[in-house]
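Please look over the structure below before reading the points.

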Amino acid sequence: MVNFNPLTAPPPAEVPLDNAPLVRVIAQVRFPPILSIEKKDFVGSFQEAIREKYPILQPEQTQGFALSPQGVVPIAPQVTWRFVDATNRWNWRVSLAPNFVALETNSYLSRSDFLERLEKILFALNETFKPPIIERFGLRYIDRVVGQNFQDISLLVKPEIAGMMNADFREYIHQSINESLFILPDGSKQIVARWGTMPGGTTFDPESIEAVAEASWILDIDMSISNNLQFSVEELMSEAQHFSERIYTFFRWAVTNDFLRRYGGKL
């Protein structure tokens, strides 16, 4: 268990987990709208650059949103190009819309593998559309605990994280989701961490966390920067490396050594 400050301490050495409960990893870069991305004639070069690993195109009409003085408001539906690695159930997906590109996986192998894939997506975006600036960059790791490990969750995470799962009346808890926002010391980056229990058949984020039949415990760590920055693949990859290490440090602070052993970690 990591006992120092997870927001400032150096990242601990990685402990690979043979059967990690990581169900989704998402990286997203948002930029000012580029309307040509909606037109199929303009996305061919981007597709060719990534088609070897993401050969199947599944365009979707999705609801768009914009920030206004009244907050987040819906705008006209927009095309989102989905490039996936398999037809029926994808393991890797790249999403390209007029104002963002995202890389997602539910088959995470390693930090280096994910970052290598992300770098190729950013190179393809830069060579095809050359966004001048970014408005937000985020990286998110989502773990889900089920079965006996769910029953033992108060032994597998720190008391601060277990919270109500330590209560004597725990068997009556149907749903309990906690959310904390952390501003990192330099003031430009933040972490939103959500954790808690979900009943079977439900989810608090259907776009990113699929509902499962049984009750589960979720740990969702999302790190981001929202300042306008000049688009640079090199700088974004530097941030991605930093984000992944900081998220891992938070994860290691949150879980116990028993958690690591349960999922195949060698300590």
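The notes that follow take the helix and then the rings.

1. The model is predicted. Helix α6 covers residues 233-254 and has 22 residues. At 1.5 Å a residue it should span 32 Å, and its end C-alpha atoms are 31 Å apart, which agrees.

2. Of the 22 residues of α6, 16 are buried, so the helix is largely enclosed by the rest of the structure.

3. The count of aromatic pairs comes to ten. One of them joins F46 and F83, with 5.6 Å centre to centre and 55° between the planes, and is tilted. This pair links distant parts of the chain: F46 lies in helix α1 (residues 40-50) and F83 in strand β4 (residues 71-84), 37 residues apart. F46 has a relative accessible area of 0%; buried means under 20%, so F46 is buried. F83 is buried as well, with a relative accessible area of 0%.

4. F251 and F259 make an edge-to-face pair, because their planes stand at 80° and the cut-off for that class is over 60, with the ring centres 5.6 Å apart. F251 is buried, with a relative accessible area of 8%, and F259 counts as buried at 1% relative accessibility.

5. One aromatic cluster is formed by W92, Y108, F114 and Y141. The ring of W92 also has a charge over it: the charged end of R117 sits 3.8 Å from the ring centre.

6. A charge over a ring is also found at F150, where the charged end of R170 sits 5.8 Å from the ring centre.

Key:
Residues are numbered from 1 along each chain as its sequence is written. This is a predicted model: local features need pLDDT of at least 70, side-chain atom pairs count only at pLDDT 80 or more; totals for chains, interfaces and linings use all residues. Side-chain values use heavy atoms; hydrogens and water are left out. Helices (H or I, at least four residues) and strands (E, at least two) are DSSP runs, numbered from the N terminus. The expected span of a helix is 1.5 Å times one less than its number of residues. Buried means under 20% relative accessible area, exposed over 50%, partly exposed in between (1.4 Å probe, protein chains only). Rings of Phe, Tyr and Trp (its six-membered ring) pair if their centres lie within 6.5 Å; planes under 30 degrees apart count as stacked, over 60 as edge-to-face and the rest as tilted. A charge sits over a ring if NZ of Lys or CZ of Arg is within 6 Å of the ring centre and within 35 degrees of the ring normal.
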